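Please look at the sequence and the structure shown here before reading the briefing that follows.

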Amino acid sequence: MATPNTPLWEVFIRSRNGLAHKHVGSLHASDATMALQAARDIYTRRGEGLSIWVVPSSAITASDPAEKGMMFEPAESKIYRHPTFYEVPEDVGHM
Amino acid sequence: MAISNIEVAETPLVLYALRRADDALVLGHRLSEWCGHAPMLEEDMALSNIALDLIGQARELYSYAAKVEDKGNDEDKLAYLRDVRQYRNLLLVEQPNGDFAQTLVRQFFYSAFADLYWRAMMTSRDTTLAAIAARSEKESAYHLRHASEWIIRFGDGTEESHKRAQVAIDHLWAFTGEMFAVDDGERALIHAGVAIDPGTLRGRWLTTLSEVASEAMLTLPQNDWMQQGGRSGRHSEHLGHLLSELQSMQRTFPGLTW
Amino acid sequence: MYTQALNTAETDDRGLEDAGKAAQFQARIDAEERIEPNDWMLAAYRKTLTRQISQHAHSEIVGMLPEGNWITRAPTLRRKAALLAKVQDECGHGLYLYAAAETLGTSREELIDAMLAGKAKYSSIFNYPTLTWADIGTIGWLVDGAAIMNQIPLCRCSYGPYARAMIRVCKEESFHQRQGYEIMVTLCRGSDEQKAMAQDALNRWWWPVLMMFGPPDATSQHSDTSTKWKIKRFSNDELRQKFVDATVPQAHYLGLTIPDPGMTQDAEGHWRYSEIDWAEFKHVLAGNGPCNRDRMAARRKAHEEGAWVREAAAAYAAKRARRPTAQAAE
């Protein structure tokens, strides 16, 4: 029996307290425990991290780039969602 | 000008630091031999990290030994200009890498001890050793976890991996007793609160080993015949070759700055 | 460079694919947009990138061997730690690059198999031997220096995962060239023997390093499409000249002589080097460099002897799959 390919994992790291985990890269590992160890050994060698998540790449569901128009363009016209849309007299100061 | 071996005034404290430094350097050196040759890239990374931790520990311990000795030696003289009879490391750490199972079993035996040892040494009355211990303890805790996970996968992986791990355990077992031995010089340091008695760690060390071995369905040997000699410079034949490589530059080009 | 063997260009397959999509794709690239893994892309773009990124990855991994040759013999503990950390970084870089290549749809296993089968190339430079400690200094100074020249523009490559991998690589690599040059400075300030060692290493590495940038522009086949697709932003000769101009003063500072008696400085300050021996380059790429066989043998040995380890890990994972132990995030 041929050895199956070693699964691919995505690595997310929180670099400082208060920050969100951010995708930093991928690695191969046979299971979650090994993936976490490998993530530590590969992606935090220069003190980059305080917390690690590893997620099987196969568990990620991605939006289809071909549907970019339908997915994201409708949001672009809703400028009233942004604070700069509204005028407040300067005398009032920062709001 | 040829530089022969340096003389080291091995007072109990110098010798104590030197022994731990030699352990760390020799094991770090062994692990560094894997760099570029590991079974997967992720393990090249992991073993190099462990090697770097150990070389770092060795450097601190050598520097401390040199400082205590106060005879103009330094980390490099201590590492590069003592011959096999002057090296004080455990026989365990000088054993060749063998296959990946032998490397990891060696690491597992050593790290399971080092983790307990450094944790205990954090309370040393010697503030330098206590500080080195505080840093080394975190490192060895991770080394232990890394090795344990592999032992479990070997044991509970394939028939071949199980067999290789068991062979390595049986082969290396006789080198583990030395970790718990104490001589008169060390006994005085233990009494003074500078060192800890490694004998008191053996029970917990065995518990760690048993837990991992049981999960891995591997067997720890029953025989209690233990090889000794590393601490007093009576080594296996392997160490001389390791040192001839490690020291080749300093021996070929004596007294230069690199 | 690390992908210098990319000498058979993919033909532009625009005609075979949806012309509208192809035009849109090129427009995105022209607008400096990044192409991401799931985006539609030309088959030739995918193929070119897969080959380029995987060759780059193979180069990092094979590149561990010549320097790894000195880890156990580094002359001081400080040098030993630095060298080990550097070679480890190269492994990391290979790993990031394989991951970037995998986003294009080929697994790391397939990519590595192609390399071990001799079907995929890696940089010619790693087929030269490291004979003395000065070679370690020279590799850091010149080989890493050349690599940085090449990799900085790749940080703006049109393919997102490759560009991101390069950003990480460049960040980590900043210490590599410095540690190499520091070794050279130490040697050149040392004994006559050490200076001679440094000069000898420069003599042996200089020309192979210039070859790293790949064939001269006049004969390079792949540059057109790679430039159009913004994978490549400078030509081989441009990068090579940039490297030579940066390096010659560094050699002078060391008191070393560039082994090119015909080298002159032109009115604009550029250092003009003599003709490169492209026949040697071709021989090395064809597998006849001094170390090609040793390098491949070492990688194959590691791969074959590691098989039981990978099998064990996979078998264990399969056994435990029914017993999930993963902890929830946070």
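Which residues in α6(B) meet which residues in α7(B)? B:Arg153, B:Phe154 and B:Gly155 in α6(B) meet B:Ser161, B:His162 and B:Ala165 in α7(B), where contact means heavy atoms within 4.5 Å. This is a predicted model, in which local features need pLDDT of at least 70 and side-chain atom pairs count only at pLDDT 80 or more, while totals for chains, interfaces and linings use all residues. Residues are numbered from 1 along each chain as its sequence is written, chains are lettered from A in the order in which they are written, and side-chain values use heavy atoms, with hydrogens and water left out.

**Two helices of chain B**

- The axes of α6(B) and α7(B), which are lines fitted to C-alpha atoms over the stretch in contact, with angles from 0 to 180 degrees between N-to-C directions, come within 7 Å and cross at roughly 125°.
- That angle makes α6(B) oblique to α7(B), because angles under 35 degrees count as roughly parallel, over 145 as roughly antiparallel, 65 to 115 as roughly perpendicular and the rest as oblique.

**Chain B against chain C**

- In this interface, 48 residues of chain B are in contact with 45 residues of chain C.
- The area buried between the two chains, meaning the accessible area (1.4 Å probe) that they lose on being put together, summed over both, is about 4100 Å², and carbon and sulfur atoms give 68% of it.

**Salt bridges**

- The rule finds four salt bridges across the interface of chain B and chain C, each a side-chain nitrogen of Lys or Arg within 4 Å of a carboxyl oxygen of Asp or Glu.
- C:Arg320 forms a salt bridge with B:Asp156, with the closest N and O atoms 2.7 Å apart.

Terms used
Helices (H or I, at least four residues) and strands (E, at least two) are DSSP runs, numbered from the N terminus.
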